[in-house]
Amino acid sequence: RYSVYRKPIISMANFLPPHLLALFAPRAPLEYLPPVDPKLPHEKKRPPIIGVAAFVKEFESPADNDRPQQLPREGRRAEKRKRRAEAEAAKLEEKKKAWDPQSDPNAKGDPFKTLFVGRLSYETSEDKLGRELEEFGPIKRVRLVKNAETRTPRGYA
C-alpha cells in the first residue's frame with residue numbers, strides 16, 4: 001500500500017552540476033599501518049609512582065630566600081590603592097601649583113561675582129540666557145561653554 005504521508009525520497013544530488021557533485025564523492029580508504037608499539041596500554045611496564053618526599057631536599061629553605069615575601073591578595077590590593085592615591089595626590093599638588101586662574105583667556109571678571117548655570121538645553125543661546133537672567137538684575141557678560149573642537153554648547157554657562 002501507498003501511504004498519503006510517505007513521499008518518495010528524491011535526492012537533490014541529481015540536480016547538482018558535476019563540479020559540485022565531485023565535492024561529495026567518497027575518498028579512497030586509508031592505508032592500514034601497523035601500530036608503532038605492539039603492546040597494549042595495560043601490558044606496558046610503567047615506572048612506579050612515588051611521592052615528592054625524595055625531592056624535598058632539593059627545595060630551597062625560606063631562610064635562604066632573598067626574594068621579598070609576597071603579600072596576600074587583599075594586602076597587595078591595598079598597597080596598590082595606596083600607591084595610586086599617593087600618585088594622584090602628587091599629581092593634584094603639581095596641578096595646584098601650576099594653576100593660575102588669572103592667566104585663563106576665557107575667564108574674565110571677578111570669580112566671586114560669577115554665576116554658574118548648569119543643565120541648559122543645547123539649543124540655548126547666549127542672548128536667550130541673557131534675556132532670562134536680566135530679570136534678576138544687570139548682567140555684564142554671558143558666556144556659554146562650548147566644545148573646543150566642534151564649537152557646540154556643552155550645556156552650562
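These numbered points go through the predicted model, from its numbering to single residues.

1. Basis. Residues are numbered from 1 along each chain as its sequence is written, and side-chain values use heavy atoms, with hydrogens and water left out. The model is predicted, so local features need pLDDT of at least 70 and side-chain atom pairs count only at pLDDT 80 or more, whereas totals for chains, interfaces and linings use all residues.

2. Largest pocket. The largest pocket holds about 970 Å³ of space. Its lining has 27 residues, and those closest to its centre are Lys 108, Lys 113, Thr 114, Leu 115 and Arg 141. On a 1 Å grid over the protein atoms alone, a pocket is an open set of points with protein on both sides within 12 Å along at least five of seven lines, while a cavity is a set where a 1.4 Å probe fits but cannot get out; lining residues have an atom within 4 Å of a point. Grid points are joined across faces, edges and corners, and the volume is the space filled by probe spheres set on the points.

3. Lining by class. The lining of the largest pocket divides into 16 nonpolar, five polar and six charged residues. Here Ala, Val, Leu, Ile, Met, Phe, Trp, Tyr, Cys and Pro count as nonpolar, Asp, Glu, Lys and Arg as charged, and the others, Gly among them, as polar.

4. Nonpolar core. Five residues make up the largest nonpolar core: Val 117, Leu 120, Leu 129, Leu 144 and Ala 157. Such a core is a set of buried Ala, Val, Leu, Ile, Met, Phe, Trp, Tyr and Cys residues joined through side-chain atoms within 4.5 Å. Buried means under 20% relative accessible area, exposed over 50%, and partly exposed in between (1.4 Å probe, protein chains only).

5. Leaving out residues up to four places away in sequence, Leu 120 touches Leu 129, Leu 144, Gly 155, Tyr 156 and Ala 157; contact means heavy atoms within 4.5 Å. With the same exclusion, Thr 124 touches Leu 129 and Leu 144. Thr 124 sits in the loop between H2 and H3 and is buried, at 19% relative accessible area. Helices (H or I, at least four residues) and strands (E, at least two) are DSSP runs, numbered from the N terminus.

6. Aromatic pair. The whole structure contains one aromatic pair. Phe 116 and Tyr 156 form this tilted pair, 5.5 Å centre to centre with 40° between the planes. Rings of Phe, Tyr and Trp (its six-membered ring) pair if their centres lie within 6.5 Å; planes under 30 degrees apart count as stacked, over 60 as edge-to-face and the rest as tilted. The partners are 40 residues apart, with Phe 116 in the loop between helix H2 (73–98) and helix H3 (126–133) and Tyr 156 in the segment after H3. Phe 116 is exposed at 59% relative accessibility, whereas Tyr 156 is partly exposed at 28%.

7. Positive phi. Arg 119 is not a glycine, yet has a positive phi of about 60°. This arginine, Arg 119, lies in the loop between H2 and H3 and is exposed, with a relative accessible area of 84%. Arg 151 also has a positive phi, near 60°; Arg 151 belongs to the segment after H3 and is exposed at 54%.

8. Separated residues. Arg 27, in the loop between helix H1 (18–21) and H2, is 68 Å from Glu 88, C-alpha to C-alpha, and 61 residues away in sequence.
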